Amino acid sequence: MNKYYLTTAIDYANAAPHIGHAYEKIAADIVARYQRLQGKDVFFLTGTDEHGSKVEKAAIAAGLTPQAFVDGVAAKFEKAWKSLFISNDRFIRTTEEQHKFVVQEVFRKMREKGDVYKGKYIGLYCEGCEDFLRERDLTENGVCPNHLKPPKKFEEENYFFRLTKYKDAIRQWLVDSSKNAHVLPEGRRLEVLHQLDDPELGDFSITRSRSALTWGIPVPDEPEQVIYVWIDALTNYITGAGYLTDDVAWKKYWPADLHLIGKDINKFHSIYWPAMLMSIDVPLPELVFSHGFITVEGQKMSKSIGNVLDPIHLTETYGADAVRYFLFAANTFDQDGDFSVADMLSLANGHLANGLGNLLNRLVTLLEKNFSGKIPDVKVDPVLMERMEEASSRYFINMDSFEFSKAIKDIFCIVDDANKYINDSKPWTLLKEGKSQEAASILLTSTCLLKRAAILLFPITPKLSCDIWHQLGFTETLDTITVHKEAYRPLMPAGQVVRNGGPVFLRIEDHKEAAASSKK
Ligand code: MSP
């Protein structure tokens, strides 16, 4: 199939976006751009999760109606993703009419299947997790281990979903090794298998009484019951692909190729979601991938510490490319990672301004000065071209397995090769000695390497790659390039004219000075 449908978790609209939310959306954007580079017809969905008690409470605290409150928060998320160049095709909001319709239909179908029954729930609920907890899930002090707050006790008559009916089938899906694993990384797959084995993981409550929660989608034909926020939220993945509303999109894009989520919500995606889909007779997604969590300067983000980082502020200060690059060059995606401004400056300046920016600058300057800016019609160095293809192959393997930091290293093998080649062979000396053909071959080879690096780096640093691409004289835009197109081939077109547009990536101190002086 030539399509690729990927989703992110939809963020709770109870507060503004932070760097942890951004980490996931950038990762999804890297995958989306990479799949487009492979020639896939990509559909990329993200959005906001706008119902539930947590959001309702935040709206009350802000003195707004829940709808007015989530309108404001959703706008902040959309703005943040634009500033980070997130190329989502659709931004879904769970308060949309289309989504509310689909959620009610899903509920109706589960009920018709005999998977929904009325019962009495007596237990604990953590609003932070929007999840039911057991005594043994709590810390010694009786609080939720994630949110460090005591859960609420409640006892109420509501609807349950027959999860137990599907436990065996979910286990089958998780161990179906005839295809690729459906849950990654492996540790997370084992974690859900373990959770499934727990006899206490039983049917779960999927509604609340309206007296306990007003801000949610009503149960069809029974407005006094409100649908549980996780049933509502998970359904976004099929609403977004046109389930029951757009047959063409639905046939084309479902099942999802990838649900990208954080490690804290694996149970919902790898147990509850497959069970819901089985109940409504919809095929299961290909893959759920759980990434690690980002801390800030080694600490968990929290309002009380005051270290919650705003992605819009970061991109306005340092540029989206630096933030994107650092997060994925410095961290291993399937493990926990860290964000630190000092480390970001040193990595971005070293790799992007010095390694990549200087390579471009040297090449266009030498070509303009000695060859009227034209790509010379000479032979390339086969050894370096071969190394470039080898590094590219490694890049594809690493990108396919979500090993972004390794893929970035592969790109920098190409950049470092080009820089070393120029330093060692000194084309400026050869030119002075009249060895113009030899110098031309060095410049051509290095330009071919830089061109490939720009293409492979495009999913990670889209603006920087486009700027390099433009200075190399291409007119076709980089976002239309696929590995099947002429422009992906190793050689540069002879006679193409490069355009020196100045530094493509300013060292970050300069950046801040430039921003400050433009404000004066
Ligand atoms: N609304 C639910 C998801 C519903 S999906 C059907 C939710 N929202 S959230 O706002 O709490 O989190 C959204 C995503 O951001 C989740 O995948 C979560 O794991 C991720 N992250 C939240 N904090 C994070 C970090 N500090 N680091 C990396 N990702 C983090 O859960």
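Which residue of β13 does Thr8 stand opposite? Thr8 stands opposite Leu260. Welcome to this protein, which is a predicted model, where local features need pLDDT of at least 70, side-chain atom pairs count only at pLDDT 80 or more, and totals for chains, interfaces and linings use all residues. Residues are numbered from 1 along each chain as its sequence is written, and side-chain values use heavy atoms, with hydrogens and water left out.

**The protein as a whole**

- The secondary structure comes to 19 helices and 16 strands; helices (H or I, at least four residues) and strands (E, at least two) are DSSP runs, numbered from the N terminus.
- The radius of gyration is 26 Å, which agrees with the value near 24 Å that a compact globule of 520 residues would have. That radius is taken over C-alpha atoms, and the globule rule is 2.2 Å times the number of residues to the power 0.38.
- The C-alpha trace spans about 90 × 55 × 40 Å along its principal axes.
- Of the 520 residues, 56% count as buried. Buried means under 20% relative accessible area, exposed means over 50%, and partly exposed lies in between (1.4 Å probe, protein chains only).
- Among contacts with a separation of 6 or more, 77% come from residues 24 or more positions apart; a contact means heavy atoms within 4.5 Å.

**Surface and charge**

- About 22000 Å² of the protein is accessible surface, and 53% of this belongs to carbon and sulfur atoms. These areas come from the Shrake-Rupley method with a 1.4 Å probe; for residues, only the protein chains shown count as cover.
- There are 62 positive and 71 negative side chains, and the centres of the two sets lie 3 Å apart. Lys and Arg count as positive and Asp and Glu as negative, while His and the chain ends are not counted. Each charge is placed at NZ of Lys, CZ of Arg, CG of Asp or CD of Glu.

- In strand β1 (residues 3-8), six of the six residues are buried.
- In a regular strand the side chains alternate between the two faces of the sheet. Lys3, Tyr5 and Thr7 point one way from β1, whereas Tyr4, Leu6 and Thr8 point the other way.
- Strand β1 pairs in the parallel sense with β3 (residues 41-49) over five bridges; two strands pair if DSSP finds at least two bridges between them.
- Within this pairing, Tyr4 has Val42 as its bridge partner, and Leu6 has Phe44.
- Strand β1 also runs parallel to β13 (residues 258-262), joined by three bridges.

**Strand β3 and its other neighbours**

- Strand β3 is mostly covered, with eight of its nine residues buried.
- Two bridges join β3 to the parallel strand β2 (residues 11-12), where Tyr12 stands opposite Asp49 of β3.
- Strand β4 (residues 90-93) pairs with β3 in the parallel sense over four bridges, and Gly47 stands opposite Ile92 in β4.

**An antiparallel sheet**

- Four strands form an open sheet in the order β6-β5-β7-β9, with antiparallel pairing. Strands β6 (131-133) and β9 (204-205) stand at the edges with a single partner strand each, so one side of each is left without a neighbour in the sheet.
- Strand β5 (residues 116-126) is joined to β6 by three bridges, and Cys126 stands opposite Asp131 in β6.

- Asp310 is found in the loop between β15 (294-296) and α11 (311-318). Because its relative accessibility is 36%, Asp310 counts as partly exposed.
- Asp310 and Pro17 are 293 residues apart in sequence, and their C-alpha atoms are 6.5 Å apart in space.
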